[in-house]
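These are my notebook entries on a single chain.

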Amino acid sequence: MTTATPFARARSEDQRAQRRTAILTAAEAMLAGGTRVGELSLNELARHVGLAKSNVLRYFETREAVLLVLLDREYGRWLDAVEPELGGDGGRPAGTGAVERVADVLSRTVADRPVLSELLANAQLVLEHNVSADVAADYKRRAVAQAVRLVRLVEAEVGALPRASAITLAGGVNLAVGGAWGQCRPSPGMAAAYAQHPELAALQLDYRVVVRELVATILTGLLARPADDRP
């Protein structure tokens, strides 16, 4: 897929915004098509957008800078999908039912978003590298805002959490999503081994199930832990 470019050079703010959106849309399409973060080069991205690599760098300082903005956009879209399903009754009492509901909603909605999962799996090891301090700080501020929103949605189901637990929850959900994604995407050779050897089939994990169990375990532990045991 090549994104059409209706003007040779972006001169106005609107045109620059359009060009940035085109770059982000191309990166999203590549990841949605099965390209892994490690395989997504700036040259290939530029080709998909229909620009020279040097022109892409007019709008984003590095490949990683593109993907950090895309991660923020995809995370926001995920929470947009989560929001109508959590907290509709406004702070129901915490309990097994509430925990399971949160775990089910988060795992089900994120399983429908492979681009987000791929980006979270690479966030700290890849995407946060090769960017300037300004880009890194801007990303972290947006990530904190997304984390606050996630915690508020969960608290609407299970009740208020101590600040330390809220921080742990946000980080734990991201670790569950990103970590499970890597574990649940076997290499071609490993996938063939699972297919050829039935005794190994149990080791082929279901992404949604793994995320659901990890989120439920994290949240259950945070709710059970006495508040005065937390730093």
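This is a predicted model: local features need pLDDT of at least 70, side-chain atom pairs count only at pLDDT 80 or more; totals for chains, interfaces and linings use all residues.

I looked up Arg142 and found its side chain in a salt bridge with that of Asp72, at 3.3 Å from N to O. I take a salt bridge to be a side-chain nitrogen of Lys or Arg within 4 Å of a carboxyl oxygen of Asp or Glu. Arg142 belongs to helix 8 and Asp72 to helix 4 (residues 63–82), so the pair ties together parts 70 residues apart in sequence. Helices here are DSSP runs of H or I with at least four residues, numbered from the N terminus.

I then looked up Arg149, which forms a salt bridge with Asp80, the closest N and O atoms being 2.7 Å apart. This pair also links distant parts of the chain, with Arg149 in helix 8 and Asp80 in helix 4, 69 residues apart. I noted Arg149 as partly exposed at 25% relative accessible area, and Asp80 as partly exposed at 46%. For these classes I use buried for under 20% relative accessible area, exposed for over 50% and partly exposed in between, with a 1.4 Å probe and protein chains only.

Salt bridges that share partners join Glu28, Arg73, Glu74 and Arg77 into one network. The count of salt bridges comes to 18.

Residues are numbered from 1 along each chain as its sequence is written, and side-chain values use heavy atoms, with hydrogens and water left out.

I found Arg16 in a salt bridge with Glu13, with 2.8 Å between the closest N and O atoms. Both residues lie in helix 1 (residues 13–32), 3 residues apart, about one turn of the helix. Arg16 is partly exposed at 31%, whereas Glu13 is exposed at 57%.

Is Gln146 buried or exposed? I found Gln146 buried, with a relative accessible area of 12%. Gln146 lies in helix 8 (residues 133–158). Leaving aside residues up to four places away in sequence, Gln146 touches Asp72, Tyr75, Gly76 and Leu79, where contact means heavy atoms within 4.5 Å.

My search of the whole structure returned 2 aromatic pairs. Tyr75 and Trp78 have ring centres 5.3 Å apart and planes at 75°, so the pair is edge-to-face. Rings of Phe, Tyr and Trp (its six-membered ring) pair if their centres lie within 6.5 Å; planes under 30 degrees apart count as stacked, over 60 as edge-to-face and the rest as tilted. Both residues lie in helix 4, 3 residues apart. Tyr75 is buried at 6%, and Trp78 is buried at 0%.

Trp181 and Tyr207 form an edge-to-face pair, 5.0 Å centre to centre with 75° between the planes. Trp181 lies in helix 9 (residues 163–183) and Tyr207 in helix 11 (residues 207–224), so the pair ties together parts 26 residues apart in sequence. I noted Trp181 as buried at 11% and Tyr207 as buried at 10%.

In helix 6 (residues 114–121), 6 of the 8 residues are buried, among them Val115, Leu116 and Glu118. Asp112 sits in the loop between helix 5 (96–111) and helix 6. I recorded Asp112 as exposed at 58% relative accessibility. The C-alpha atoms of Asp112 and Arg208 are separated by 9.1 Å, although the two residues are 96 apart along the chain.

Notes. Helices (H or I, at least four residues) and strands (E, at least two) are DSSP runs, numbered from the N terminus.
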